[in-house]
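Student: I have a new structure open and would like to learn how to read it. Could you walk me through it, feature by feature?

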Amino acid sequence: MASAPATTFFPKYHPPPPCHHFHNLRSSPPTTIKCTSSPPIITATTAGDNGHPIPSLLPFSAKYVPFNAVTDESYSLDDIIYRSRSGGLLDVQHDMNALKQFDGKYWRTLFDSRVGRTTWPYGSGVWSKKEWVLPEIDNDDIISAFEGNSNLFWAERYGKHYLGGMNDLWVKHCGISHTGSFKDLGMTVLVSQVNRLRKMNKPLVGVGCASTGDTSAALSAYCAAAGIPSIVFLPANKISMAQLVQPIANGAFVVSMDTDFDGCMKLIREITSELPIYLANSLNSLRLEGQKTAAIEILQQFNWEVPDWVIIPGGNLGNIYAFYKGFKMCQELGLVDRIPRLVCAQSANANPLYLHYKSGWKNFSPVKASTTFASAIQIGDPVSIDRAVYALTNSDGIVEEATEEELMDAMAVADSTGMFVCPHTGVALVALMKLRERGVIGKTDRTVVVSTAHGLKFTQAKIDYHSKAIEDLSCKFANPPVEVAADYGAVMDVLTKYLNKVS
Ligand SMILES: Cc1ncc(COP(=O)(O)O)c(C=O)c1O
Ligand SMILES: N[C@@H](CCOP(=O)(O)O)C(=O)O
């Protein structure tokens, strides 16, 4: 096993490629390993501690295998395939023996050395972990907005005031990102691979998805940057205006349908099996390779200390598995010695996983999801149900749910402590609150809540709440503006009242 090199390595500088990138700043990095694409040859120029080359390295590689099944079946990542022979889910399996040629310290040092750099593509939070994501792709084929590296916010006031003196509470702001949600992490990987496949003359005319808003925004932005047509199926009147305008602005072919997300998902699966359109939903396991880097990033941000809990809102249920996979790879490759307990949080109006958990994982039945302010997780028949169950059962996990009143109140309270979170983050905060109340999560437990989208995508929900304009909700934390005449005395009156209240 090789130990950490004296210097960090980067692939050799390539001249700027003909394709479009969001971020074009490329500098010639200190080259100690040369990775080429297809297959990746690591020429034996890796500097060891003493500067001597380490010979005979296995190349890093990955392939599709059936998810959680013992079989010889496998496929190249250059194949266009979403399901195993038996119709089950697929997973991207890395050559762990190749990765294990380097110890945990080596990987920690390497990943840390890339944070905040402009060197293409390693400054991205996703591509800084390229060897663990898509090791065989050529850097020139990557479409990146330097996604990831999102803020891990110490929610000091929220934890101390609203969660019984919790002092080690953190919010991972995955929504502070190029298109305003964690979907960018997976989409950079998927669209980069499509870019590669198209250059290989694979018959792909475009990329398509069903969406509750965020997947379509990410898909259309990355496709627009690559010059690849994108097609998005949206449930009419079920996503926010801010989400709807994103694919429109990015030039996607937007199909608005009188159905729900599950109806759109069923159709896109049928269409992509007939037409040369690549499926971009998280049924496609490539997406999860990018999303898993958020878990690695959390460990990195804690200086490779493992939090006790990570709470994630769940809808189509790819992300909970992506987090599990990121943590698990870090454990298996020796970067950390354990993984956190995972909590998946659902809206009570769209809670098939919660019901399944409550049944002791006995029977899974899809539900008809009803309207929820957490509209991006209004999903009744999640494609990644098997992945989610696997992630939760292997991390001593828990599932919780939140009612509309609970999630909107939690969002409002979080905002009042300086955040500006989406309703889905509200769902996760409710799960935390319930687990704190039951004493499952302790006061000093280090806990991370994953915030999945930017609050600015959900301003209408916030406006309705603060205007107390929501039927059946008391909106008890509403903070409507005070309307007052433009008159010195009137302003003094309201201000005096306010100052007396807060002092
Ligand atoms: C904002 C937001 N939060 C949470 C989720 C849930 O993620 P997943 O579908 O991977 O469970 C989604 C999408 O489904 C989302 O858009
Ligand atoms: N919330 C998602 C729903 C689809 O999830 P995906 O991860 O399978 O693409 C969205 O924003 O569309």
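Student: Let's start with Arg341: is Arg341 buried or exposed, or in between?

Tutor: Buried means under 20% relative accessible area, exposed means over 50%, and partly exposed is in between, with a 1.4 Å probe and protein chains only. Arg341 has a relative accessible area of 27%, so Arg341 is partly exposed. Keep in mind that this is a predicted model, where local features need pLDDT of at least 70 and side-chain atom pairs count only at pLDDT 80 or more, while totals for chains, interfaces and linings use all residues. Also, residues are numbered from 1 along each chain as its sequence is written, chains are lettered from A and ligands numbered from 1 in the order in which they are written, and side-chain values use heavy atoms, with hydrogens and water left out.

Student: Which side chain does Arg341 meet in a salt bridge?

Tutor: A salt bridge is a side-chain nitrogen of Lys or Arg within 4 Å of a carboxyl oxygen of Asp or Glu. Here Arg341 pairs with Asp396, at 3.3 Å from N to O. Arg341 sits in strand S11 and Asp396 in the loop between helix H13 (385-393) and S12, so to speak distant parts of the chain, 55 residues apart. Asp396 is partly exposed too, at 49% relative accessibility.

Student: How many salt bridges does a search of the whole structure find?

Tutor: It finds 20. One of them joins Asp141 and Lys199, with the closest N and O atoms 2.6 Å apart. That pair spans 58 residues: Asp141 is in the loop between helix H3 (130-133) and strand S4 (152-154), and Lys199 is in helix H5 (residues 183-199). Asp141 is buried at 10% relative accessible area, while Lys199 is partly exposed at 39%.

Student: Which parts does the salt bridge of Glu297 and Lys172 tie together?

Tutor: Their side chains meet at 2.6 Å, N to O. Glu297 lies in helix H10 and Lys172 in strand S5 (residues 169-173), so the pair ties together parts 125 residues apart in sequence. Glu297 is buried, with a relative accessible area of 4%, and Lys172 is buried with 0%. There is also a network of salt bridges that links Asp91, Glu289, Lys292 and Lys325.

Student: What about Thr293, in helix H10?

Tutor: Helix H10 covers residues 293-301, and Thr293 is buried, with a relative accessible area of 0%. For Thr293, look at a polar contact, which is a pair of N or O atoms within 3.5 Å; within protein, one must be able to donate a hydrogen and the other to accept it, and residues adjacent in sequence count only if both atoms are side-chain atoms. A polar atom of the Thr293 side chain lies 2.6 Å from the backbone oxygen of Gly290.

Student: Back to the strands. How do S11 and S12 run?

Tutor: Two strands pair if DSSP finds at least two bridges between them. S11 (residues 341-347) and S12 run parallel, joined by five bridges. For instance, Val343 has Ile398 in S12 as its bridge partner.

Student: Which way do the side chains of S12 point?

Tutor: In a regular strand, side chains alternate between the two faces of the sheet. In S12, Ile398, Glu400 and Ala402 point one way and Val399 and Glu401 the other. Five of the five residues of S12 (residues 398-402) are buried.

Student: Which residues are closest to ligand 1?

Tutor: A residue is near a molecule if one of its heavy atoms lies within 4 Å of it. Ligand 1 has 15 residues around it, the closest being Asp214, Gly315, Asn316, Leu317 and Thr452. A backbone N or O atom of Gly315 lies 2.8 Å from an oxygen atom of ligand 1, and an N or O atom in the Thr452 side chain is 2.7 Å from a nitrogen atom of ligand 1.

Student: And ligand 2: how many residues surround it?

Tutor: There are 13, and the closest are Ser211, Thr212, Thr215, Ser282 and Arg287. A polar side-chain atom of Arg287 lies 2.7 Å from an oxygen atom of ligand 2.

Conventions. Helices (H or I, at least four residues) and strands (E, at least two) are DSSP runs, numbered from the N terminus.
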